[in-house]
Amino acid sequence: MDKYLRAIRKNICSICVDSTETGKCTLNEHENCALELYLPKIVEIVHSTQSEEMEDYVRSLRSEVCLDCRAQEEDGSCYLREDINCALDRYFPLIVETIQTVDKESQ
Ligand code: SF4
């Protein structure tokens, strides 16, 4: 998981609105980053989806991660997603691309 974490810190944390100019995360101990929390599951989704369509990855994200996330309501809505306040959802296409690039480079 370390290689994915390193690439995510470089490609996503560095541009995340929740980070400082030097890429340091500003979330406090009471706030969880869904990207960090669910990273193994996200890698699994990318490996098992195998599609050209981002929608297919988003569908897996909703059914395998959002469903377990305490921010999501029973009706499938999520106040963090609606406020563009979930880093995982906000940067999801870039996260998928980053994981796929790490995989290609490790072949
Ligand atoms: S979009 Fe909402 S439900 Fe899905 S991971 Fe982010 S905070 Fe959780």
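Predicted model: local features only at pLDDT ≥ 70, side-chain atom pairs only at ≥ 80, totals over all residues.

Residues are numbered from 1 along each chain as its sequence is written.

**Overall fold**
- The protein chain has seven helices and zero strands; helices (H or I, at least four residues) and strands (E, at least two) are DSSP runs, numbered from the N terminus.
- With a radius of gyration of 14 Å, close to the 13 Å from the globule rule for 107 residues, the protein chain is as compact as a globular protein of that length. The radius is taken over C-alpha atoms, and the rule is 2.2 Å times the number of residues to the power 0.38.
- Along the principal axes, the C-alpha atoms of the protein chain fill a box of roughly 40 × 35 × 20 Å.

**Helix 3 and helix 7**
- Helix 3 (residues 39–49) packs against helix 7 (residues 92–105) at an angle of about 75 degrees, with the axes 10 Å apart. Axes are lines fitted to C-alpha atoms, for helices over the stretch in contact, and angles run from 0 to 180 degrees between N-to-C directions.
- Helix 3 contributes Ile42, Val43 and Val46 to the contact, while helix 7 contributes Ile95, Val96, Ile99 and Gln100; two residues are in contact if their C-beta atoms, placed from the backbone, lie within 7 Å.
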